[in-house]
Amino acid sequence: MAGKPKLYYFNGRGKMESVRWLLAAAGVEFEEEFLETREQYEKLLQGGSLMFQQVPLVEIDGMKMVQTRAILSYIAAKYNLYGKDLKERALIDMYVGGTDDLMGFIMMFPFLSAEDKEKQRAFIAQKATSRYFPAYEKVLKDHGQNFLVGNNFSWADVHLLEAILMVEEKESDVLSGFPQLQAFKARMSSIPTIKKFLEPGSQRKPVPDDKYVETVRRVLQMYYDVKAN
């Protein structure tokens with residue numbers, strides 16, 4: 001029997017959070033090793049675990065996987081969250097790609113200056129409501145199904161719910177003009193595995209704080225300032 005997947009990352013969201021979301025949605029228990037020192041990171045580098053000298057790193061099924069998209073694709077396929085055929089997989093990839101673009105604007109947020117954070121907050125809300133959420137609202141309305149692709153929830157749905165909640169943390173009423181997405185959020189949040197992940201005490205990480213930012217900067221030796229869009 002294979003052991004639990006093991007995740008190597010910081011004790012915070014970043015690029016690993018989507019991996020946590022997908023594993024949790026699939027009902028898969030996982031372990032985590034948090035990077036807190038430069039020495040831990042260098043040990044992974046010297047041991048050859050980081051092919052491209054980057055985290056996230058996930059040990060799963062005897063593999064040491066890097067590159068977030070590859071990790072997520074593998075998990076989605078392994079746990080039947082990647083559609084029933086090539087066409088559905090293509091749609092899932094397309095929707096995940098769009099959601100990734102939106103999440104990228106949020107991922108950098110904790111590393112901005114106070115002034116840039118206010119600009120970025122408005123930018124995120126504007127992009128969400130003018131580009132991304134209208135697209136998903138239309139998909140759900142046009143096909144009249146509960147999920148983005150097919151009759152069962154997939155990686156695309158999990159990713160979109162994660163993004164919706166992230167945007168709502170920046171702009172609480174961002175879904176006010178999107179009734180389809182409001183209903184989608186309620187449906188997804190009531191799925192037992194996801195509902196459990198959303199409850200206090202789960203392995204879902206909170207909004208990144210100054211401690212998380214300082215740890216990432218120290219471990220990765222980030223000596224530059226991130227700029228807003």
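A polar contact, as the term is used on this tour, is a pair of N or O atoms within 3.5 Å, in which, within protein, one atom must be able to donate a hydrogen and the other to accept it. The structure to be toured is a predicted model.

**Stop 1: the two domains**

Select residues 6–79 together with 198–220, and colour them as domain 1; then select 86–190 as domain 2. These bounds come from an automatic or database domain assignment.

**Stop 2: the interface between them**

Keep both domains displayed and turn to the boundary. Here 21 residues of domain 1 are in contact with 19 residues of domain 2. The size of an interface is often given as the accessible area lost when the parts come together. For domain 1 and domain 2, the buried area is about 1,600 Å², and carbon and sulfur atoms contribute 68% of it. Next select Ser-18, Trp-21 and Arg-69, which supply 31% of the area that domain 1 buries against domain 2, more than any other three residues.

The polar side of the boundary comes next. Four residue pairs are in polar contact across the interface of domain 1 and domain 2, both residues of each pair being at pLDDT 80 or more. On the side of domain 1 that touches domain 2, the elements giving two or more residues are α1 (17–25), α3 (68–78) and α9 (210–220). The number of salt bridges between the two domains is four. Select also Arg-13 and Glu-169: they form a salt bridge in which the closest N and O atoms are 2.8 Å apart.

**Stop 3**

In soluble globular proteins, nonpolar side chains tend to be buried together. The largest nonpolar core of this model has 75 residues, and those with the most contacts inside it are Val-19, Phe-133, Leu-148, Leu-181 and Met-188. Select helix α6 (residues 155–170), the source of the largest share of this core, with 10 residues. Both domains take part in the core, since at least three residues are drawn from each of domain 1 and domain 2.

Centre the view on Leu-148. Which residues is Leu-148 in contact with, leaving aside its neighbours within four places in sequence? They are Tyr-95, Tyr-136, Val-139, Leu-140, His-143, Ala-156, Asp-157 and Leu-160.

**Stop 4: Thr-215**

Move to helix α9, where Thr-215 is found. Is Thr-215 buried or exposed? Thr-215 counts as buried because its relative accessibility is 11%, below the 20% cut-off. With neighbours within four places in sequence left aside, Thr-215 is in contact with Phe-10, Leu-35 and Glu-36.

**Stop 5: backbone features in two loops**

Select the loop between α2 (38–46) and β3 (57–60), in which Pro-56 is placed. The peptide bond from Val-55 to Pro-56 is cis, and its omega is near 15 degrees. The loop between α2 and β3 also holds Gln-53. Although Gln-53 is not a glycine, its phi is positive, at about 60 degrees. Gln-53 is exposed, with a relative accessible area of 57%.

Finish at Asn-80, in the loop between α3 and α4 (86–107). The phi of Asn-80 is near 60 degrees, a positive value in a residue other than glycine. Asn-80 has a relative accessible area of 70%, and is therefore classed as exposed.

How values were computed: Residues numbered from 1 in each chain as written. Heavy atoms only, no water. Core = buried A, V, L, I, M, F, W, Y, C linked by side-chain atoms within 4.5 Å. Buried < 20%, exposed > 50% of the residue type's maximum accessible area, 1.4 Å probe, protein only. Helix = DSSP H or I, 4+ residues; strand = E, 2+ residues; numbered from the N terminus. Contact = heavy atoms within 4.5 Å. Buried area = accessible area lost by both parts, 1.4 Å probe. Salt bridge = Lys/Arg side-chain N within 4 Å of Asp/Glu carboxyl O. Polar contact = N/O pair within 3.5 Å; in protein donor to acceptor, adjacent residues only side chain to side chain.
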